[in-house]
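User: Hi! I am new to protein structures and would like to learn how to read one. Could you walk me through it, one feature at a time?

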Amino acid sequence: MTTGKGAIDVGAALRDLRRRVDLSQRELAERSGVPKSTLARIEAGQGGEPAFRTVERLVRAAGGELALRLPGDPCSTPGGGPPSLSDDEPRDEAGRRYPAHLDVRRVRTLRDWPGAWWVHSYTLPERLWPVRVPELTYDLDRARRDERRWRDRTRAQVTFRRAFEGLPATSWRFLAEVPGVGPVGELRAHERSTDLLLGEELGDQRELVLEGVVVAPGLRVLGIGRELIGLLAEEMALTGIRTAHAIAEFGNVEFLLACGFELQASRPSALTLEV
């Protein structure tokens with residue numbers, strides 16, 4: 001928290017901090033020794049300005065830090081001002097704030113809502129839906145919240161590159177990496193000579209054979225595999241290689257078709273990408 005020209009909404013800042021560390025009001029109160037009723041009043045903006053010592057205990061119990069700065073001092077927030085906090089917080093139908101640690105999100109499609117159990121097995125017209133679909137949803141299970149946050153962080157931080165270290169010139173390797181974590185996805189392919197394959201003098205033409213695309217479990221819905229295929233296609237265009245072949249098993253045929261590969265008529269499990 002920072003002193004400056006703008007007033008800080010201490011209650012909103014504490015709610016945001018609790019959400020980041022996934023603590024309920026009861027858990028933070030127990031950690032800090034501050035009564036839960038006091039914490040609830042602070043977050044609701046009731047009872048006047050809270051004591052500095054009380055706020056400090058709450059912030060430190062949540063793993064945060066208090067920073068007092070004079071105007072003009074370096075600040076971690078854009079523009080050097082106090083933290084930006086939104087007043088547009090989601091509320092339930094009775095107008096009550098949701099617990100900050102639940103990561104409330106809007107239901108844009110049925111698959112966004114865990115309660116839409118029927119959408120995964122069959123399709124029903126809206127008039128036959130067994131329950132009303134809410135505008136907002138959240139995960140009560142902490143493990144599911146942690147998994148969702150992990151996917152969100154990965155989506156925001158993942159970078160892609162072609163790796164050359166320790167590989168022969170005919171090997172292609174692309175990595176999806178997260179800082180501090182390492183690779184979360186990998187694509188491997190190798191070049192082969194069309195001249196040798198066909199026994200013809202074709203000017204040393206080459207094509208690629210896709211060996212595999214691997215994405216860490218839990219991250220396969222983020223489009224990392226598609227990004228790796230897209231990077232492969234870009235490199236193929238730069239090097240003049242026009243064709244990549246793949247042999248797909250299980251459900252990977254649908255994945256490669258979605259990435260632009262086409263089935264070979266004579267070999268249903270064989271696909272080709274033309275760039």
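**Reading the features step by step**

Analyst: Happy to! E147 has a relative accessible area of 35%, which makes it partly exposed. The scale calls a residue buried under 20% relative accessible area, exposed over 50%, and partly exposed in between, using a 1.4 Å probe and protein chains only. Please keep in mind that this is a predicted model, where local features need pLDDT of at least 70, side-chain atom pairs count only at pLDDT 80 or more, and totals for chains, interfaces and linings use all residues. Residues are numbered from 1 along each chain as its sequence is written, and side-chain values use heavy atoms, with hydrogens and water left out.

User: With which residue does E147 meet in a salt bridge?

Analyst: First the general idea: side chains of opposite charge can pair when their charged atoms come close. Here a salt bridge means a side-chain nitrogen of Lys or Arg within 4 Å of a carboxyl oxygen of Asp or Glu. The partner of E147 is R151, with 3.2 Å from N to O. The two are four residues apart in helix α5 (residues 142–157), so about one helical turn separates them. Helices (H or I, at least four residues) and strands (E, at least two) are DSSP runs, numbered from the N terminus.

User: Is R151 buried or exposed?

Analyst: R151 is buried, at 17% relative accessibility. Contact means heavy atoms within 4.5 Å. Not counting residues up to four places away in sequence, R151 touches G218, L219, V221 and L222.

User: How many salt bridges does the structure hold?

Analyst: There are 17. Another one joins R155 and D152, at 3.1 Å from N to O. These two sit three residues apart in helix α5, so they too are separated by about one helical turn. R155 is partly exposed at 47% relative accessibility, and D152 is partly exposed with a relative accessible area of 40%. E186 and R188 also pair, at 2.5 Å from N to O. E186 is partly exposed at 22%, and R188 is partly exposed at 35%. Salt bridges can share partners as well, and in this way R53, E56 and R60 are joined into one network.

User: How do I read the way two helices pack? At what angle do α2 and α4 pack, for example?

Analyst: Axes are lines fitted to C-alpha atoms, for helices over the stretch in contact, and angles run from 0 to 180 degrees between N-to-C directions. Angles under 35 degrees count as roughly parallel, over 145 as roughly antiparallel, 65 to 115 as roughly perpendicular and the rest as oblique. Helix α2 (residues 25–32) and helix α4 (residues 52–61) pack at about 110°, with their axes 9 Å apart. They are therefore roughly perpendicular to each other. L28, R31 and S32 of α2 make the contact with R57, L58 and A61 of α4. By type, this contact has three nonpolar residues, one polar and two charged. Ala, Val, Leu, Ile, Met, Phe, Trp, Tyr, Cys and Pro count as nonpolar, Asp, Glu, Lys and Arg as charged, and the others, Gly among them, as polar.

User: And how do α1 and α3 cross?

Analyst: The axes of α1 and helix α3 (residues 36–44) come within 6 Å and cross at roughly 115°. These helices are therefore roughly perpendicular as well. On the α1 side you find V10, G11, L14, R15 and R18, which meet L39, I42, E43 and A44 in α3. This contact divides into five nonpolar residues, one polar and three charged.

User: Where is S24?

Analyst: S24 lies in the loop between α1 (10–21) and α2. It is buried, at 15% relative accessibility. Leaving out residues up to four places away in sequence, S24 touches R18 and H101.

User: Which residues touch the most other members of the largest nonpolar core?

Analyst: In soluble globular proteins, nonpolar side chains tend to be buried together. A nonpolar core is a set of buried Ala, Val, Leu, Ile, Met, Phe, Trp, Tyr and Cys residues joined through side-chain atoms within 4.5 Å. In the largest core, with 29 residues, the answer is L210 and F261. Elements giving two or more residues to this core include β6 (206–215) and α7 (224–239). The largest share, six residues, comes from α7. Leaving aside neighbours within four places in sequence, the contacts of L210 include L187, I229, L256 and F261. A second, separate core of 13 residues includes L23, L28, V34 and L58.
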